[in-house]
Amino acid sequence: MVIGAGIGGLAAAAGLCSAGWDVTAFERATSLEPVGAGLALAPNGLRALDVIGAGDPLRALAVPQEVGIRRSDGRWLMRSTTGQMIADRFGDPVILVTRAAVIDALTARVPDGVLSLGTEVTSLEPGGRAAARISTTAGQLEADLVLAADGIGSATRPALFPAHPGLRHTGLATWRLLTGPVTGQVPMAESWGRGTVFGVMPLSDGRVYCYAAASAAPGPPAGDELAELTRLFGTWHEPIPALLAAARPQDVLRHDVAELAAPLTSLHRGRAVLLGDAAHPMTPNLGQGACQALEDAAVISRLATGTQPDGVAGLLNSYTAARLPRTTDVVRWSRRAAAMTTWASPPAVTARNTLIRLTGKLAPGAALRSLTPIYNWQPPAETRPANDSHAP
């Protein structure tokens, strides 16, 4: 059973189906409307997508990502020259796609009858030697394996680990929107101010994906978030004001950024396991949220191949051993990247900008080297039992 049909849940459902498992994926929403605008898929995320056969369809839709860094007045601090270097070193560039395209590509890999939309999971008993038990708004079921991909606000996480302190606010809010189509060339860049960031990413269909971040106290959206973005960024360099002027208020999504107050000590209990934001929410600064969820799904799918119900305990031990150290590292690295963008004092901002400018001139490969532990990830080798039979 899979709880949640976002990117991680759909990828896990598709992967388990391809491994021969009988899968039902529960999603409380009545339709698969992707929440979000665009996202970056790094080489590690694309390799994870290849495990379930969804990598190439997304590569065909993608715009390679070449993100330079600018100041709020438009001056370039670093012009990116690493896109082809990333492809040469890791086999793929970082590509930019819409979240809707990712959802569509994953849904196409999920067989008919697997998705149960409009069905909420209301309780879970993780089991152990016995099967897990799930209560839903449609009834009760037993499962040999339960994958909880129910997002950052996961109800499964506190049910499995009631002593864990839960989420904490990172001090950041983020905004995302799609605007356009626009005419003319739009430079792809991320612009940094004093505790503020605005990213501009052209898409293959002429639209532009924009994202922004700023230091903010947690709380519900103020109302007109487009007006708030205009207040924060409307005097920055072009094309940011023009892109905001072309946007509609209903297209702007705002979210408080949270992470776990402490890493989990395990990603599973009994026959239930967490993946994606339910297991390791992170700041968006490295663009790894979706990629790590896809890695989770790829690993669980490969481990599930050939596993029988009495082997689930070993499968989940292997999953936690493979995923917990890595995702803990990626969360930490992403938090460090976020810290630089939240600096607001003029001396700190000046020092940061000088460091970025000098790094771009004197050591352009330094950023690439720092990303190697993330982008170098490989999925587990595919294994099949001797008789090529699959688990039920």
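Predicted model: local features only at pLDDT ≥ 70, side-chain atom pairs only at ≥ 80, totals over all residues.
Me: What touches Thr156, leaving out residues up to four places away in sequence?
Reply: Thr156 touches Ile3, Leu124, Ala148, Asp150 and Leu274.

Me: How far apart are Arg79 and Glu66, in sequence and in space?
Reply: In sequence, Arg79 and Glu66 are 13 residues apart; in space, their C-alpha atoms are 8.5 Å apart.

Me: OK, helices now. How do the axes of H1 and H9 run past each other?
Reply: Helix H1 (residues 7–18) and helix H9 (residues 289–304) have axes that come within 8 Å and cross at roughly 20 degrees.

Me: What makes H1 roughly parallel to H9?
Reply: Angles under 35 degrees count as roughly parallel. The crossing angle here is roughly 20 degrees, and that's why H1 is called roughly parallel to H9. The crossing of this pair is right-handed.

Me: Which residues of H1 and H9 meet?
Reply: From H1 there are Ile7, Gly8, Ala11, Ala12, Gly15 and Leu16. Their partners in H9 are Ala290, Ala293, Leu294, Ala297, Ile300, Ser301 and Ala304. Sorted by class, the contact of H1 with H9 has ten nonpolar residues, three polar and no charged.

Me: Why might residues a few places apart in a helix point the same way?
Reply: An α-helix has 3.6 residues a turn, so residues three or four places apart end up pointing the same way.

Me: How do H2 and H9 pack?
Reply: Their axes are 8 Å apart, and the angle between H2 and H9 is about 35 degrees. H2 passes H9 in a left-handed crossing. On the H2 side the contact has Asn44, Gly45, Ala48, Leu49 and Val51, and on the H9 side Cys291, Gln292, Leu294, Glu295, Ala298 and Arg302. By class, that contact of H2 with H9 is made of six nonpolar, three polar and two charged residues.

Me: Which residues of helix H5 are buried, and what covers them?
Reply: In H5 (residues 99–107), the buried ones are Arg99, Ala101, Val102, Ile103, Ala105 and Leu106. The cover includes H1, strand S3 (38–41), helix H2 (43–51), helix H3 (55–59), strand S7 (95–98) and S13.

Me: Which residues touch the most other members of the largest nonpolar core?
Reply: That core has 80 residues, and Leu41, Leu106, Val146 and Leu147 touch the most other members. Take Leu147: leaving aside neighbours within four places in sequence, Leu147 is in contact with Met1, Val2, Ile3, Ala12, Leu16, Val273, Leu275 and Ile300.

Definitions and conventions:
Residues numbered from 1 in each chain as written. Heavy atoms only, no water. Axes fitted to C-alpha atoms, helices over the stretch in contact; angles between N-to-C directions. Helix = DSSP H or I, 4+ residues; strand = E, 2+ residues; numbered from the N terminus. Parallel < 35°, antiparallel > 145°, perpendicular 65-115°, else oblique. Left-handed = near helix turned anticlockwise from the far one by under 90°. Contact = heavy atoms within 4.5 Å. Nonpolar A, V, L, I, M, F, W, Y, C, P; charged D, E, K, R; others polar. Core = buried A, V, L, I, M, F, W, Y, C linked by side-chain atoms within 4.5 Å. Buried < 20%, exposed > 50% of the residue type's maximum accessible area, 1.4 Å probe, protein only.
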